[in-house]
Every structure is written in structure tokens, then in C-alpha cells.
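Please work through each task with the sequence and coordinates at hand before reading its solution.

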Amino acid sequence: MSTPLNPVSIITRKRDGHAIDPDDIARLVAAYTREDVPDYQMSAFLMASFLQGLNDVEAAALTDAMLHSGTVLDLSDTPGVKVDKHSTGGVGDKVSLILAPIVASQGVPVPMVSGRGLGHTGGTLDKLESIPGFRTDLSMEAYKQQLEDIGIVLIGQTEEMAPADRKLYALRDVTGTVESIPLIAASIMSKKLAEGIDALVLDVKCGRGAFMKTEEDARTLAETLVAIGEDHDTPTVALLTDMNIPLGRAIGNWPEVAESIACLRGEHDETALMEVTYALAGEMLALGGVADTPKAGREQARNAVGSGEALDCLRTLVAAQDGDTGVIDDPSTRLGAAPVATVTAPDGMQGYVTEIDALALGHLAVDLGAGRRTKEDDVDPTAGLTLNKHVGDAVEPGDVLAHLHTAHTDQVEAFSASVRQAYTIGDTPPERRSAVWDRYTASGWEHA
């Protein structure tokens with residue numbers, strides 16, 4: 001007979017810097033999910049964990065407890081190695097929209113459960129829902145059936161999946177405990193493992209426009225995520241990527257979908273956006289068993305774009321989830337787009353773009369109507385901005401820097417000033433930097 005749960009004992013042990021037994025973590029999370037433990041006690045545990053940290057065993061135990069607080073999908077009836085990708089979020093990060101069709105078009109099933117944007121980073125669900133008619137609220141049965149039928153499905157987290165994560169995240173959001181690497185890792189991995197995947201690739205972003213501002217924190221997060229995946233017998237690879245400048249030229253939901261379609265047409269192949277996408281695709285195709293190595297997988301991914309297979313897969317996905325495939329064939333037919341204003345370079349702005357402040361433009365996108373300050377906020381699906389000048393481009397006075405998409409036309413002058421301030425101009429072109437820095441697996445770090 002087990003001893004009764006004593007939340008105070010668990011809280012004080014963690015407060016004093018001691019490790020918590022995995023069984024106690026499991027019992028505490030289960031009791032909190034049942035509402036047998038009140039918010040104030042769980043808040044105290046979260047703060048103690050935030051201040052004292054969690055070791056790898058504790059982080060894995062917390063993930064497991066959150067994972068098994070709800071339904072863990074069984075996708076064993078679907079042939080193939082099911083592989084998903086998760087990004088820690090960044091400005092202009094529309095990689096999932098390009099990546100998932102590339103990988104699925106090559107025969108690797110991609111079951112992807114995504115989230116909404118909050119703050120300066122956009123969410124994949126919001127981007128998908130900017131496609132007229134597109135549904136992200138599929139049932140678990142429909143999710144499994146679509147994956148079996150067409151090899152790709154993109155939905156939002158359901159009520160049945162990791163309910164403890166939803167409760168704990170809401171509590172962390174109001175108790176100052178969001179920025180804990182073990183808590184972030186447990187939240188990410190509990191949702192991903194609940195999808196029924198066989199392997200996972202992680203895009204851990206680092207820099208001014210990411211949640212992980214320092215390379216040290218980003219590396220620690222990558223190591224924690226991979227350790228949790230391996231502990232749950234799920235092969236996991238993490239790539240460390242640059243988020244100091246916006247990823248791609250579009251920021252905002254429909255603008256990013258339109259850019260993604262162009263990428264799948266091969267129009268932006270030699271960009272940092274596609275460098276990151278192909279690197280992640282290579283890893284997914286190798287884990288999925290259809291490429292011998294990640295390098296071979298990258299080449300296979302390029303071919304999938306060049307042949308049109310990936311764009312065809314996106315069209316099939318959109319049709320399956322009730323979206324308007326007409327806007328995939330011709331994005332200009334998207335109705336109800338926000339008014340567009342042009343931002344030009346002022347007198348004295350001459351040279352080459354050396355930096356673009358991703359964080360500043362992320363916050364600007366929220367002001368334009370493309371993002372949320374709170375979870376309850378509505379977004380304008382067509383709002384955002386499109387950069388006409390990116391890092392390395394030459395600029396002269398009068399050149400178009402960006403196009404603004406916003407219904408807040410009375411604030412265009414202030415928005416334009418924010419765009420100009422986000423640009424840094426130098427006398428010489430900057431050195432070309434790789435957007436993919438390093439790769440981490442259970443075997444350790446290596447150059448990507």
C-alpha cells in the first residue's frame with residue numbers, strides 16, 4: 001500500500017535542492033490534473049523547480065507524467081516510421097508549412113500537432129487557418145485516418161492530449177516560471193510523444209528573435225529535449241539554428257503561407273529559410289528510413305521541390321482538411337487581404353543591410369494585427385509585413401524596404417518608422433552566415 005501523497009514534502013525537498021523521486025512527480029501531476037492538488041501548491045512546486053532546476057531523470061519523469069495524463073495515440077496501424085518536427089519558435093518561422101509536405105511526399109508519414117502564436121512568434125495553426133476553410137480541429141479518429149490515407153496531417157492539440165500540460169502551462173504563464181529549460185522541455189516533449197510518433201527532429205532556435213537568447217541556453221535545451229526523447233525510446237535529433245534575423249521575407253500568417261507556397265515552387269531555393277528546411281528534411285527522411293544519411297535526405301528534399309511532388313502534397317493536405325486549394329494554385333486569389341502600405345528607405349540610408357532586428361519586427365507584426373498579446377486575442381489572418389530588403393541586399397534612399405499588411409492604416413507612419421529602425425546598414429556586404437549551426441544527438445554535438 002503506497003503512502004498518501006504529501007505535496008508539501010515534495011515542494012520542500014525541491015526547494016532545498018534535492019532530487020524528487022519519479023514516482024512522486026507522477027503522483028503529484030496526476031493529482032493536480034484531477035484537481036486534488038490546488039493551484040497554490042503546484043505553483044510552489046513550479047517555482048521551486050524553476051529556482052533549483054530539474055535533473056534529466058526528473059525532467060523525463062515530469063514529461064512522462066504529463067504525457068500519460070491523457071490519450072497517447074497508437075499509430076502502429078499506419079505503415080512507415082512516423083516522424084514529426086518541432087520548432088522552439090521564431091520570427092518568420094514558417095518551416096513546418098514547407099517541411100511537412102516535402103517529407104510526406106517522399107513516403108515518410110508526418111503526424112504534426114501544432115500550437116498557436118503568442119507574443120512575437122507566430123503559430124503554425126494560425127498560419128494554416130489563414131487558408132480559407134482550413135480545419136485544424138480534427139478528431140483523433142479523423143487524425144489517424146487522414147494520416148493513413150495521405151501520409152500527412154496537421155492539427156491542434158486536442159482536449160485528450162496531455163491535459164496536464166495545458167493546466168501547467170497556464171499556471172506557469174501567470175507565476176513567472178515559463179523560462180525554465182526543464183519545464184519547457186517537458187511541455188514540448190509530452191505533447192510530441194502523445195502524437196504517437198516514432199522519431200522526432202527539433203529545430204532549436206537561438207538569438208534575438210528566439211525564446212533562447214543565448215547559445216548556452218539553446219544548447220542546454222537541445223540536450224534536455226534529446227535526452228527526454230531517448231529516455232522514451234524515441235530517436236531524437238536537434239539542430240541549432242539562427243534566429244537573430246527573420247527567417248524568410250514574410251512575417252504574419254497569410255503572408256507566410258504565400259511565401260511557403262513560393263518556396264515549394266522552388267522560387268526561394270537558395271535562402272536561409274530553405275537551408276533550415278532542407279537540413280530538417282534531411283534528418284526526417286533519414287530517421288524515416290527513406291534516405292541513407294541526412295545529407296542524402298537534403299538532396300532528396302531538394303528534388304521533391306524541383307519535381308513538384310512537395311507542392312502536390314500540400315495541395316492534397318489542404319483539400320483533405322477542407323481548405324481552398326485555389327489559393328495554393330494562385331495565392332493572389334486570396335480574398336479579404338489587409339490594405340498594403342510601402343516603407344521606403346529615407347535619405348541617408350545607403351549601403352548594405354548587415355542586420356535586421358528579428359525581435360523588433362516580431363513585436364511590430366503583433367501591432368499590425370498578426371499576433372496575440374494574450375491567448376484570447378484574435379488575429380487578422382492577412383496582417384503582417386513582407387521584407388523587400390534582407391541581409392546582404394544593397395539599399396539606396398527611396399528603395400522599398402518592406403510592405404505592411406494591416407487594417408490599422410492610421411498608424412502606418414509609426415509602423416514604418418519601426419521598420420526603418422530595425423535595419424542596420426553598413427558600407428560593405430556582410431559575410432554570408434549559415435543559418436544551421438550545429439547538430440545534437442545522443443552521441444553528442446557535431447557541426448551540421
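A salt bridge is a side-chain nitrogen of Lys or Arg within 4 Å of a carboxyl oxygen of Asp or Glu. The model is predicted, so local features need pLDDT of at least 70 and side-chain atom pairs count only at pLDDT 80 or more, whereas totals for chains, interfaces and linings use all residues. Residues are numbered from 1 along each chain as its sequence is written, and side-chain values use heavy atoms, with hydrogens and water left out.

**Exercise 1.** Determine how many salt bridges the rule gives, and which residues form a network with D84.

*Solution.* Salt bridges link D84 with K192 and E195 in a network.

**Exercise 2.** Characterise the salt bridges of R27, R34 and E283, and state whether the residues are buried or exposed.

*Solution.* Buried means under 20% relative accessible area, exposed over 50%, and partly exposed in between (1.4 Å probe, protein chains only). Helices (H or I, at least four residues) and strands (E, at least two) are DSSP runs, numbered from the N terminus.

Step 1. R27 pairs with D24 at 3.5 Å, N to O. The two are three residues apart in helix α2 (residues 22-33), and therefore about one helical turn separates them. R27 is partly exposed at 26% relative accessible area, and D24 is partly exposed, also at 26%.

Step 2. In the bridge between R34 and D36, the closest N and O atoms are 2.9 Å apart. Both R34 and D36 are exposed.

Step 3. E283 and R439 form a salt bridge of 2.6 Å, N to O. Because E283 lies in helix α12 (residues 272-287) and R439 in strand β13 (residues 436-441), this pair ties together parts 156 residues apart in sequence. Both E283 and R439 are buried.

**Exercise 3.** Describe the largest nonpolar core and the contacts of L361.

*Solution.* A nonpolar core is a set of buried Ala, Val, Leu, Ile, Met, Phe, Trp, Tyr and Cys residues joined through side-chain atoms within 4.5 Å.

Step 1. The largest core has 77 residues, and I102, L361, L385 and V419 have the most contacts inside it. Helix α12 supplies the largest share of this core, nine residues.

Step 2. Contact means heavy atoms within 4.5 Å. Beyond its neighbours within four places in sequence, L361 is in contact with P246, I251, I356, L385, L387, V419 and A422.

Step 3. A second, separate core of 34 residues includes I181, I188, A194 and L221.
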